[in-house]
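Please look over the sequence and the coordinates before reading on, with a viewer open if one is to hand.

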Amino acid sequence: MISVLDFRPAFHQSSNHAYWDFYVDDERLSETLRVCGIPPLGWLGEEFDLQYREMLLRKREGDVPVGRVPLFVCEICGDYECGVVSCEIELAQDGIVWRDFATHYNEGGEFRRDEDRDQWSDLKIVFDPHQYLISISTLAANPPKH
């Protein structure tokens with residue numbers, strides 16, 4: 001099944017951050033995965049937003065260990081040290097594929113996968129490349145508003 005990626009503006013009350021939230025087929029990805037944290041898009045500065053969009057488009061290697069792309073980070077500081085939910089993004093015959101979702105924590109200077117939270121390791125989301133590109137590209141000109 002081909003899914004549709006969309007970004008919608010959101011606001012995190014306690015951290016006072018306006019950000020872009022992931023929606024897949026009209027459902028919040030954070031609710032589907034049942035995770036805390038917020039996407040690192042729209043609130044960490046223009047330079048990071050550009051780098052992040054490039055990671056989502058596979059124009060830049062993911063910056064979570066082993067080339068993974070962060071999806072949800074600490075809603076207060078955005079630092080991966082607090083824990084990060086990431087996935088592998090690949091260009092495949094059937095489209096843009098997000099797979100191997102996992103939570104990582106920093107333990108003693110080394111990122112470790114949280115094996116207790118691997119309930120989504122079999123999840124695979126496939127996006128139409130054209131729709132995916134348009135969805136991510138439109139973020140460049142539109143900062144989130146709350």
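In helix 3, the buried residues are Y132, S135 and I136, where buried stands for under 20% relative accessible area, exposed for over 50% and partly exposed for what lies in between, computed with a 1.4 Å probe on protein chains only. Because these residues cover an arc of only 90° around the axis, they sit on the same side of helix 3; the arc is taken from the directions that run from the helix axis to the C-beta atoms. Helices (H or I, at least four residues) and strands (E, at least two) are DSSP runs, numbered from the N terminus. The buried residues of helix 3 pack against strand 2, helix 2, strand 6, strand 7 and strand 9 (124–127), with contact meaning heavy atoms within 4.5 Å. At the start of helix 3, the backbone nitrogen of H130 has a side-chain oxygen of D128 within 3.2 Å.

All of this describes a predicted model, in which local features need pLDDT of at least 70 and side-chain atom pairs count only at pLDDT 80 or more, while totals for chains, interfaces and linings use all residues. Residues are numbered from 1 along each chain as its sequence is written, and side-chain values use heavy atoms, with hydrogens and water left out. The pLDDT, which is the predictor's confidence in each residue on a scale from 0 to 100, averages 89 over the chain, and 91% of the residues score at least 70. Among the elements of the chain, the highest mean pLDDT, 97, belongs to strand 4 (residues 27–28), and the lowest, 71, to strand 8 (residues 110–113). Where pLDDT is low, the predicted coordinates should not be read in detail.

Helix 2 (residues 46–56) can be read in a similar manner. Its buried residues are F48, D49, Y52, R53, M55 and L56, and because they cover an arc of only 155° around the axis, they are placed on the same side of helix 2. On the other side of helix 2, E46 and E47 are exposed. The cover over the buried residues of helix 2 includes strand 2 (5–12), strand 3 (17–24), strand 5 (69–72), strand 6 (84–92), strand 7 (95–107) and helix 3 (129–137). Just after helix 2, the backbone at R58 takes a positive phi of about 65°.

Turning to charge, side chains of opposite charge can pair when their charged atoms come close. If a salt bridge is a side-chain nitrogen of Lys or Arg within 4 Å of a carboxyl oxygen of Asp or Glu, the count comes to eleven salt bridges. One of them joins R8 and D26, with the closest N and O atoms 2.6 Å apart; R8 lies in strand 2 and D26 in the loop between strand 3 and strand 4, so this pair ties together parts that are 18 residues apart in sequence. R8 is partly exposed at 26% relative accessibility, whereas D26 is exposed at 60%. Another salt bridge links R68 and D100, whose closest N and O atoms are 3.0 Å apart, and since R68 lies in the loop between helix 2 and strand 5 and D100 in strand 7, the pair ties together parts that are 32 residues apart in sequence. Both R68 and D100 are buried, and salt bridges that share partners join R68, E88, E90, R99 and D100 into one network.

H12, which lies in strand 2, counts as buried at 19% relative accessibility. The side chains of H12 and S15 are joined by a polar contact of 2.9 Å, a term for a pair of N or O atoms within 3.5 Å, of which, within protein, one must be able to donate a hydrogen and the other to accept it, and for which residues adjacent in sequence count only if both atoms are side-chain atoms. Leaving aside its neighbours within four places in sequence, H12 is in contact with H17, Y19, I38 and E75.

Which cysteine sulfur is closest to that of C74? The closest is that of C77, at 3.7 Å, too far for a bond, and the sulfur of C77 is in turn 3.6 Å from its closest cysteine sulfur, in C82, also too far for a bond. C74 is buried at 15% relative accessibility, while C77 is partly exposed at 40%. With a disulfide taken as a pair of cysteine sulfur atoms within 2.5 Å, the count comes to zero disulfides.
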